[in-house]
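Please read the following briefing alongside the sequence and the coordinates. It begins with helix packing and then turns to the individual elements and the chain as a whole.

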Amino acid sequence: MTEDQSAGAEDGSERRDVVVPLRVYKAVTVFSTLFAVVSVVAGFILVDVATQRASAPASEIDVPVGIAGIACILAGTVVYAFSTRFRTEEMGKSKDDAT
């Protein structure tokens, strides 16, 4: 490891980029963004249904549907976050690695 990488590893901020060909990068970016957007929108719809447009009293909230909605939102967030780790060789290093 270089000094920059070991310093990042010590404080837990090391970013592990995955270098892939441009064609793979484009596919990952398109499909992960599509999945993330659809799952976040579906999650908000499920939360909306579970709470009856935020008008249901607490005793009438459909908890399993609400949890499923929150899970969809989290899944979309995680997929999008991990998709940002991909880069191509032409992109160079991230700004965090520059000295």
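In this predicted model, α2 passes α3 in a left-handed crossing, a crossing being left-handed if the near helix is turned anticlockwise from the far one by less than a right angle, and right-handed if clockwise. Helices here are DSSP runs (H or I, at least four residues), as strands are (E, at least two), numbered from the N terminus. Local features need pLDDT of at least 70 and side-chain atom pairs count only at pLDDT 80 or more, whereas totals for chains, interfaces and linings use all residues. Residues are numbered from 1 along each chain as its sequence is written, and side-chain values use heavy atoms, with hydrogens and water left out.

**Packing of α2 and α3**
- The axes of the two helices, α2 and α3, come within 7 Å and cross at roughly 160°, where axes are lines fitted to C-alpha atoms, for helices over the stretch in contact, and angles run from 0 to 180 degrees between N-to-C directions.
- α2 and α3 are therefore roughly antiparallel to each other, the term for angles over 145 degrees.
- Residues making the contact (heavy atoms within 4.5 Å) include Val28, Ser32, Ala36, Ser39 and Gly43 of α2, together with Gly69, Cys72, Gly76, Tyr80 and Ser83 of α3.

**Helix α2**
- At 1.5 Å a residue, the 29 residues of α2 (residues 22-50) should span 42 Å, and the end C-alpha atoms are 41 Å apart, which agrees; the expected span is 1.5 Å times one less than the number of residues.
- The buried residues of α2 are Ser32, Ala36, Ser39, Gly43 and Ala50, where buried means under 20% relative accessible area with a 1.4 Å probe and protein chains only, and what covers them includes α3.
- Just after α2, Gln52 takes a positive phi of about 50°.

**Ser83 in α3**
- Ser83 lies in helix α3 (residues 63-83) and, at 10% relative accessibility, counts as buried.
- Not counting residues up to four places away in sequence, Ser83 touches Val28 and Ser32.

**Record annotation**
- An unreviewed UniProt entry lists residues 24-45 and 65-83 as "transmembrane region", and such annotations may be inferred rather than shown by experiment.
- Residues 24-45 are 100% helix, with end C-alpha atoms 31 Å apart, and residues 65-83 are likewise 100% helix, with end C-alpha atoms 27 Å apart.

**Whole chain**
- The protein has 3 helices and 2 strands, running α-β-α-α-β from the N terminus on.
- Of its 99 residues, 16% count as buried.

Methods:
Buried means under 20% relative accessible area, exposed over 50%, partly exposed in between (1.4 Å probe, protein chains only). Angles under 35 degrees count as roughly parallel, over 145 as roughly antiparallel, 65 to 115 as roughly perpendicular and the rest as oblique.
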